[in-house]
Amino acid sequence: MDEEPTLPSFSRSNPIARRLDELAGHPPRKRVRENSPPPFSSDPPLFSSDDDPSADNYTSKRQKRKYRGPWFHQQPASDSPSDSSEQNQQMKGKRTLARQFDSGVWLGSDGTEEDFAEGLEHHGVPSFINPRAPIALSYDHVRKMPTLQESSTAAEDKARQQIGECLDEGTEDIILSSFNLSSISNSTISPLASFTCQPKSSAGVTFESLIPDLRIFLHSNRLTSLPASLFSLERLTLLTLRDNQLDELPPSIGNLPNIKELNVSQNKLRYLPFEILQLVSSAGKLKNARLHPNPFLEPKDLHGQTEQDIQSDLEPVPSPVFGSSQHRQDIRPSTPIHDKDKGHHWSPYWHVAYKRRTQVRFRDITGALMKGPIFPSDSDQDKTRLTPSSNQDLGGNLVPLADENDCAEPPAPRGNQISRAPSLMEVALSACSKTPQLPYLAEYLDNDSPEHLHTLLEQACAKKDSGGSKCTICKRDFIIARTEWIEFWELAKIENRTASAASPLRQMGNERDLVESIVPLIRRGCSWLCVPERGRAPVLCQDQ
Amino acid sequence: MATPSQSKYVTLVSNDGFEFVVLREAACVSGVIKRSLDPKSGFAESAAGRVTFDEINGIVLEKVAEYFNYNHKNRNREDVPDMEIPPELCLELLMAADFLDT
Ligand SMILES: [Zn+2]
């Protein structure tokens, strides 16, 4: 231990650090579109050997055939000295090859490939990295990565143009319906954040009219995911996503403080994010929501009841904690609990009540299912992984409800014990997610590296694009959910409020409305200890 | 979990010869390390309390050791602070995490 390892310096005077600072404010896709150099050209410090002269030995060999596995043999397999001309040869070969591809990702700059290759030559890449990765590996993965949708389709160009016109003319209705959009990127939506109304010439204009009420119509497209920038539009008051291909809404949908109308019908939604309850909290402005039809999960009691039976059987129990304070409301005013809930925290327009939940599903550090009930939406791989004896696929949209006294028991831990501390995998993935180079990191993995690492980086990418996620128990940011469960909540619009003002009871609708007012909300946790508390509202660790 | 014959500490050795001494209990969060230190496994490591990683260099292993301490220190905490990772280490640490199953 005489020689201290030379750690890469990362001071603010470091040009790389400055570059990273520059990049931090701008999403990578934007730079690509603006024809400025992609992050590669400035040699981001992605590896411990970067800037580290003592690490030369890691990079002495670059030929993939000398190594087995992604990174297991960082030392050269033979003693033959590194041949720099050979390396250059490889680089040239790579550039030549790179030009044969037209991934669209590099279109922004003609010099991109050369810049990147030169960057590699200057800095050296750890030998476990496949030196051919940028072309040999990247193409498939780049195509799969949702963040790289800046190689935008004609449909999105059209949408961009439409948004530009709305911005120019101060049109608050952004109509992007039937645009044949299969994806929409953050950079397309984000200009709307600076939307301002055109001052009207007529007299009697009030100040208020200058605050825009944005209405975005995205119905009848083919969207499978939504960009985070959509959910950071503070002035968004209407959003219709009807008739798309969405199978999940991002938790960031809860961040829309002024949304009044929301339509997510005719998608592929199995459940809604728990965070959607923020829209019907006392701070929320939601007045109308169209959630059905969607193939939502439906409760099936473990004892073989159907969902109709459950409707009458769903006993009001204390609601789980939502947000930083307890919110409870109950159907029956006679229930003693209700007395404590005077001045409840829900919107006056909505009846909101927790009903029942499924058992908790536990996932390992890579996100693979370890324990818990099967959901119809699970992949076949997940279904076979779960023990077939205790878990059966109920078919249809049915999921079994947990016993009311269910206590979430985690599986046996890999190490010694279970804690709330994130796994090293999560810590590293979250660090990956913070770099502007996230969309390109998978390209640095060797061909032989485990497939799930590619998958995890793609998931991190998708999660970053859609605005991230926080543990619904302890509020920690997470990328890989370690626990998840479905809670069934009653979410019903209160009609004719004045008519029933004397009674806190909402007016009962017809039976269909009643069933449809039960919605499945997914809650996810960041650790195996982030689970619902037995029979009672879970306590937020922040409150302690 | 340490039996009287075992040291409370173990030594992690990187492929470039750097050594990091960490609490045995803390390092055992890694299933891989736990198995190789298990006396029943019969690995030479278990007797010497020393594990060499041909796959991990000193810079990365230092962060791994730091993680073990971080994880151990916060094992009973409700509000666990974040652990900072320099961006240039993130990908190698991801691969190390996968290898160590941690
Ligand atoms: Zn948590």
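Modeller: A:Phe488 lies in strand E12 of chain A; strands (E, at least two residues) and helices (H or I, at least four) are DSSP runs, numbered from the N terminus. The residue counts as buried because its relative accessibility is 1%, where buried means under 20% relative accessible area, exposed over 50% and partly exposed in between, computed with a 1.4 Å probe on protein chains only. A:Ile522 is 34 residues away from A:Phe488 in sequence, and their C-alpha atoms are 8.8 Å apart in space.

This is a predicted model, in which local features need pLDDT of at least 70, side-chain atom pairs count only at pLDDT 80 or more, and totals for chains, interfaces and linings use all residues. Residues are numbered from 1 along each chain as its sequence is written, chains are lettered from A and ligands numbered from 1 in the order in which they are written, and side-chain values use heavy atoms, with hydrogens and water left out.

Rings of Phe, Tyr and Trp (its six-membered ring) pair if their centres lie within 6.5 Å; planes under 30 degrees apart count as stacked, over 60 as edge-to-face and the rest as tilted. Over all chains this rule gives seven aromatic pairs. A:Trp489 belongs to E12 and A:Trp346 to the loop between helix H9 (336-339) and strand E8 (350-357) of chain A, so the pair ties together parts that are 143 residues apart in sequence. A:Trp346 is buried, at 2% relative accessible area, and A:Trp489 is buried at 0%. In chain B, a tilted pair is formed by B:Tyr67 and B:Tyr70, at 5.9 Å centre to centre and 45° between the planes. Those two tyrosines are separated by about one helical turn because they are three residues apart in helix H4 (residues 58-73) of chain B. Both B:Tyr67 and B:Tyr70 are buried.

In chain A, ring pairs join A:Trp346 and A:Trp489 with A:Phe274 and A:Tyr354 in a cluster. A charge sits over a ring if NZ of Lys or CZ of Arg is within 6 Å of the ring centre and within 35 degrees of the ring normal. A:Arg523 lies over the face of A:Phe274, a member of this cluster, at 4.0 Å from the ring centre. A:Arg361 is placed over the face of A:Phe375, at 3.9 Å from the ring centre.

Donors are N, O and S atoms within 2.8 Å of the metal (3.2 Å for Na, K and Ca); water is not among the atoms, so sites may look incomplete. The zinc ion has as protein donors the SG atoms of A:Cys471, A:Cys474, A:Cys526 and A:Cys530, which lie 2.2 to 2.4 Å from it. The angles among its four donor atoms are 94 to 116°, and the site is tetrahedral, a label given to four donors if all angles lie between 85 and 135 degrees. The donor residues follow the spacing C-x2-C-x51-C-x3-C. A:Cys471, in the loop between H13 and strand E12 (483-493), and A:Cys530, in the segment after strand E13 (518-525), link parts of chain A that are 59 residues apart. A:Cys471 and A:Cys530 are both buried.

The loop between H13 and E12 of chain A also holds A:Lys475. A:Lys475 has a positive phi near 75°, although the residue is not a glycine. Most residues other than glycine have a negative phi. With a relative accessible area of 24%, A:Lys475 is partly exposed.

Helix H13 (residues 451-465) of chain A has 15 residues, which at 1.5 Å a residue should span 21 Å; its end C-alpha atoms are 21 Å apart, in agreement. The expected span is 1.5 Å times one less than the number of residues. Among the buried residues of H13(A) are A:Leu453, A:His454, A:Leu456 and A:Leu457. Just after the helix, A:Gly467 takes a positive phi of about 105°.

Note on methods. Four donors count as tetrahedral if all angles lie between 85 and 135 degrees; four count as square planar and six as octahedral if opposite donors are over 155 degrees apart and all others between 65 and 115; anything else is irregular.
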